[in-house]
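Dear colleague,

Here is the structure I said I would pass on. My notes on it follow below.

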Amino acid sequence: MLVLQGTPFCNIACDYCYLPGRDDKRRMDHDTVGAAIEFLYREGLAGDTLDMVWHAGEPLALPRAWYERAFATAAAAAPHGVRLQHCVQTNATLIDAEWCDFFLSHDVRVGVSLDGPARLHDARRRTRRGVGTHAAAMKGVRALRRHGVPFHAICVVTREALDSADDVVDFFLAEGVGDVGFNIEEVEGINCTSSLAAGADTPVRFARFLDRVLERAEASGQLTVREERNLRDMLQSSDFGQLPGNDQNTPFSIVTVARDGTLSTFSPELAGLSHPRLGSFALGNVKSATLAGILADPRWVALSEEVAEGVRACAARCPYFRLCLGGAPSNKLAELGTAAGTETLFCRLTQVAVAEVVLPRLEARLKAATHPV
Ligand code: SF4
């Protein structure tokens with residue numbers, strides 16, 4: 001997966017955002033887009049299909065003409081026969097009919113960030129002047145639906161949402177959103193606190209929230225929840241139990257390229273950041289870096305060894321390792337100060353609580369299917 005930050009700029013200012021530089025309106029130059037693709041294929045880091053995730057800032061803050069040229073540059077730089085799958089994760093406030101045509105004509109996979117009903121969404125997802133963005137986001141979401149653009153939603157769960165599972169499901173069903181993933185408000189990047197960090201009861205309340213969401217989703221037959229789908233896919237995968245790590249802790253499984261061409265790997269959230277002990281997570285610039293040069297860099301050696309140590313510690317100690325595969329370096333660094341650690345708030349909710357809710361549901365369904373009453 002190649003994550004590209006066309007611009008760090010965002011037109012809104014959610015208060016839980018982890019990204020630095022959201023006021024910076026500079027754009028990636030198109031040569032950098034081509035250089036990023038060339039770097040991946042020159043170094044043997046990408047295959048027949050490459051997911052290109054346009055993650056900013058707000059990706060749609062850049063004009064469509066910029067993307068037309070970026071997509072053409074990427075296609076020209078990719079080896080013959082390679083399929084580039086473009087994806088955007090957007091706050092939806094800038095989506096209009098023209099963007100919908102663009103998504104359809106370029107087969108762009110669209111994810112929208114939507115925290116449920118206005119009461120929850122507007123509490124955290126606001127403009128720089130403090131105005132809620134729900135109405136603007138819903139205008140974009142309705143444009144997607146009107147134009148038949150497939151999309152999924154990502155809903156950030158904050159402490160305020162934990163007792164509102166029914167409101168959240170009612171909202172997504174009423175708006176015809178059929179595919180939702182639940183992120184948590186994370187301690188990550190420049191976001192140093194989370195409303196979920198307060199209170200020892202958070203894992204229990206989060207589990208209750210998710211259980212109710214899944215119950216309602218199943219009863220409706222109209223809502224797919226990413227957490228359940230991913231866990232089921234993992235259990236059904238032929239690699240289950242044999243994978244040594246996940247995309248976020250496997251070197252170069254994800255490559256993130258910032259606006260200025262600097263590249264990083266592991267969790268995309270590490271882009272643009274540095275750490276007091278490990279230094280900058282930038283490993284070089286796609287226009288000049290070589291994999292051999294990166295691997296020989298003492299900063300890379302220290303970072304990659306620490307990440308690998310964290311995965312080994314998880315594998316040795318955690319009963320959820322075969323599902324989680326060792327967690328996310330960005331969350332371990334932000335919460336524990338080291339990627340060599342194991343348990344975080346992030347994994348207690350997004351891995352442990354999810355498994356404890358989803359597995360019994362799958363078992364019950366399996367039992368009902370194999371021993372019908
Ligand atoms: S759930 Fe947490 S402790 Fe367990 S493998 Fe994942 S990151 Fe490690």
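Helices α8 (residues 226-236) and α13 cross at roughly 70 degrees, with axes that come within 10 Å, and they are therefore roughly perpendicular to each other. Here helices are DSSP runs (H or I, at least four residues), numbered from the N terminus. Axes are lines fitted to C-alpha atoms over the stretch in contact, and angles run from 0 to 180 degrees between N-to-C directions. Under 35 degrees counts as roughly parallel, over 145 as roughly antiparallel, 65 to 115 as roughly perpendicular and the rest as oblique. The crossing of α8 past α13 is right-handed (the near helix is turned clockwise from the far one by less than a right angle). From α8, Glu227, Glu228, Leu231, Arg232 and Leu235 meet Val354, Ala355, Val358, Leu359, Arg361, Leu362 and Arg365 of α13, contact meaning heavy atoms within 4.5 Å. This contact has 7 nonpolar, no polar and 5 charged residues (Ala, Val, Leu, Ile, Met, Phe, Trp, Tyr, Cys and Pro count as nonpolar, Asp, Glu, Lys and Arg as charged, and the others, Gly among them, as polar).

The model is predicted: local features need pLDDT of at least 70 and side-chain atom pairs pLDDT 80 or more, while totals for chains, interfaces and linings use all residues. Residues are numbered from 1 along each chain as its sequence is written, and side-chain values use heavy atoms, with hydrogens and water left out.

α13 (345-370) also takes part in the ligand site: α13 and α11 (321-324) each supply at least two residues of the shell. The residues around the ligand are Cys314, Cys318, Phe321, Cys324, Gly326, Gly327, Thr342, Glu343, Cys347 and Gln351 (a heavy atom within 4 Å). By class, the shell has 5 nonpolar, 4 polar and 1 charged.

The axes of α10 (residues 298-317) and α12 (residues 329-336) come within 11 Å and cross at roughly 90 degrees.

By contrast, α1 (residues 30-42) and α2 (residues 64-77) cross at roughly 30 degrees, their axes coming within 8 Å. That makes α1 roughly parallel to α2.

Finally, there are 16 aromatic pairs (ring centres within 6.5 Å, using the six-membered ring of Trp; planes under 30 degrees apart are stacked, over 60 edge-to-face and the rest tilted). Trp99 and Phe102 have ring centres 5.5 Å apart and planes at 85 degrees, so the pair is edge-to-face.

Regards
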